[in-house]
Amino acid sequence: MRDSSTGSTARPSRRTVLAATAGVTTALAAGTSAYADSHDDKRLRGLISRMTLEEKVGQLFVMRVYGHSATAPDQADIDANLKEIGVRTAAELIAKYRVGGIIYFAWAHNTRDPHQIAALSNGIQRASLDQPRGLPVLISTDQEHGIVARVGKPATLLPGAMALGAGRSRDDARTAGRISGTELHALGIRQDYAPVADVNVNPANPVIGVRSLGADPDAVAGLVAAQVKGYQGAGVAATAKHFPGHGDTAVDSHYGFPVITHSRELWETLDATPFRAAIRAGIDSIMTAHIMVPALDDSGDPATLSPTILTGILRGELGYDGLVVTDSLGMEGVRTKYGDDRVPVLALKAGVDQLLNPPSIDTAWNAVLKAVQGGELTEARLDESILRVLRLKSKLGLLRDPYVSNAGVDRAVGTAGHLRAADRIAERTTTLLVNEEGLLPLSRRRSPRVLVVGADPASPSGSDGPPTTVLAGALTELGFSATALSTGTAPSAATIARAVTAAGDADAVVVGTYNVSATSSQKTLVAQLLATGVPVIAVAIRNPYDVAQLPDVPAFLAAYSWTDVELRAAARVIAGRAEPRGELPVPVQRADDPARVLYPVGYGLRY
């Protein structure tokens with residue numbers, strides 16, 4: 001078997017897998033199912049008892065690594081690995097640190113195409129199983145869909161969380177989770193850092209926003225539980241994030257240290273509700289947030305490092321005994337107060353099981369090792385977390401057979417049925433907020449020529465877009481003569497002038513808006529297009545709050561993301577090929593008086 005983006009991904013036989021784990025998985029031979037293995041703690045403890053201390057420390061880490069191949073990445077990725085990690089390849093990372101997990105990123109060149117991803121996954125598993133007492137690796141990624149997706153086309157890209165919130169369908173949420181889980185499973189990715197369980201009640205939230213299912217905690221809870229069942233029914237561990245709730249902050253924890261000022265009572269009724277639902281649904285893992293919640297813990301520590309929050313509340317009060325994984329330890333929110341050598345130790349002391357993506361694996365790994373050797377952490381504490389890690393690996397079937405095949409990829413990834421389902425789900429999410437004088441649906445007879453302008457943010461997955469081109473192409477397929485002109489998120493006076501000139505040859509203009517603020521030049525673009533007298537239709541391709549900044553637009557749609565599936569659905573609604581069925585999952589406040597609601601939760605027009 002070869003491990004390359006173009007090589008064969010032949011699936012090893014069960015005999016080959018068991019032989020590769022000889023001396024370790026013999027203890028599991030009596031297990032007949034993933035469920036039985038995951039609950040056979042005696043056998044799992046037998047595995048733990050044979051590990052060296054160094055191997056135990058490694059099992060707790062989930063690390064990034066550059067490259068499309070476990071053994072033969074491109075030279076640029078070798079250089080990046082040497083600079084950041086001190087190894088050349090994923091195989092060397094595993095041999096040196098015996099990591100229990102690896103996280104895939106598109107920017108790390110892990111996710112070029114489905115067969116390559118499967119080959120990388122197999123190469124990682126082989127590298128780990130070839131080690132003394134080797135164990136399979138739990139491979140993870142952030143495949144939330146919408147604006148966060150690490151695996152792109154030809155895999156199925158589905159509507160994001162807020163779009164699902166607008167659709168209000170638990171069946172659709174479960175189906176989306178099942179489709180995504182089925183495809184990730186086929187690629188060898190068995191843990192997905194989704195769904196987002198944060199209740200987004202702050203329109204200024206810079207890091208969650210449309211990644212949230214909405215602002216109503218009960219609605220969010222129902223959709224979270226449905227997604228959990230969808231993912232986990234497909235054999236992929238779902239991860240509810242970001243506990244204890246990241247939905248009400250104006251600070252991005254990637255770059256700062258947010259403080260959530262909710263009272264304990266408000267936290268119980270708002271933030272905790274979706275996490276309770278996830279736990280009732282049997283969630284496999286929960287991700288911590290690098291936020292401070294003084295009402296829960298007034299120590300000044302982030303939740304990731306708080307025994308009060310993770311052990312006292314999450315495990316004690318909420319009764320959760322599954323896997324707890326940190327958000328990335330490279331984020332500023334967890335590095336503000338303590339050094340990179342203290343953070344992993346404090347996280348374990350707080351009750352964390354998996355340490356995700358530290359900035360320096362060498363610093364973090366050695367810090368944990370020394371903490372055990374020096375008595376700050378006990379080996380029994382490590383064993384407790386390793387048992388949870390192995391329970392999950394066993395439940396997911398990794399201890400029986402961690403490999404995937406090209407045939408399995410072809411059967412599951414980007415299938416016609418999955419793509420059709422994604423389109424149907426997306427059609428039920430597009431939300432019509434304004435439609436003066438019945439401008440929509442747009443008539444091909446009266447308005448055959450359409451100009452599409454607006455923002456063209458980079459594709460979340462690197463595999464679709466740009467939005468203006470996608471919208472124009474979709475409208476052309478629907479019988480219009482549509483042209484695209486990218487004007488960006490901050491159009492200059494010259495760009496606005498070009499758009500106004502182009503509008504002179506159009507019967508209607510579609511404007512894709514992106515996070516419009518009070519001072520955004522996107523407002524000037526829309527105002528000058530309106531002044532031409534040509535009908536203007538705005539499509540918010542991220543936050544629906546844009547509608548408050550554009551009160552004079554005669555037609556306004558919310559798509560909740562700029563991925564192709566959501567933009568094509570918006571085009572079908574514009575053309576009248578689909579009914580607008582979405583309803584706002586968040587309230588939109590007035591721009592001139594944020595204390596007043598312009599459009600409430602549940603608002604959405606119909607044709």
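Let's start with helix α5, residues 75-84, where D77, I78, A80 and N81 are buried. Buried here means under 20% relative accessible area, exposed means over 50%, and partly exposed is in between, with a 1.4 Å probe and protein chains only. Helices are DSSP runs of H or I with at least four residues, strands are runs of E with at least two, and both are numbered from the N terminus. Looking down the axis of α5, the buried residues fall within an arc of 165°, so they line one face of the helix; that arc is taken from the directions from the helix axis to the C-beta atoms. On the other side of α5, A76 and K83 are exposed. Just after the helix, G86 has a positive phi of about 85°.

A word on what we're looking at: this is a predicted model, where local features need pLDDT of at least 70, side-chain atom pairs count only at pLDDT 80 or more, and totals for chains, interfaces and linings use all residues. Residues are numbered from 1 along each chain as its sequence is written, and side-chain values use heavy atoms, leaving out hydrogens and water.

How confident is the predictor? pLDDT is its confidence in each residue, from 0 to 100, and the chain averages 93, with 94% of the residues scoring at least 70. Over residues 1-38, though, the pLDDT is below 50.

Now to the inside. The largest nonpolar core has 115 residues, and I124 and F243 have the most contacts within it. Such a core is a set of buried Ala, Val, Leu, Ile, Met, Phe, Trp, Tyr and Cys residues joined through side-chain atoms within 4.5 Å. Not counting residues up to four places away in sequence, F243 touches a group including W267, F275, I286 and L318, where contact means heavy atoms within 4.5 Å. Apart from this core lies another, of 69 residues, with V470, I496, L550 and A559 among them.

Next, strand β16, residues 555-558. A555 and L557 point one way, F556 and A558 point the other way, and all are buried. Which strands pair with β16? Strand β11, residues 431-435, pairs with β16 in the antiparallel sense over four bridges, while β15, residues 536-540, runs parallel to β16 and is also joined by four bridges. Pairing requires DSSP to find at least two bridges between the strands. F556 is the bridge partner of V434, and F556 is also the bridge partner of A538.

Last stop: T249, in the loop between β7 and α11. T249 counts as buried because its relative accessibility is 3%.

Key. pLDDT = per-residue confidence, 0-100.
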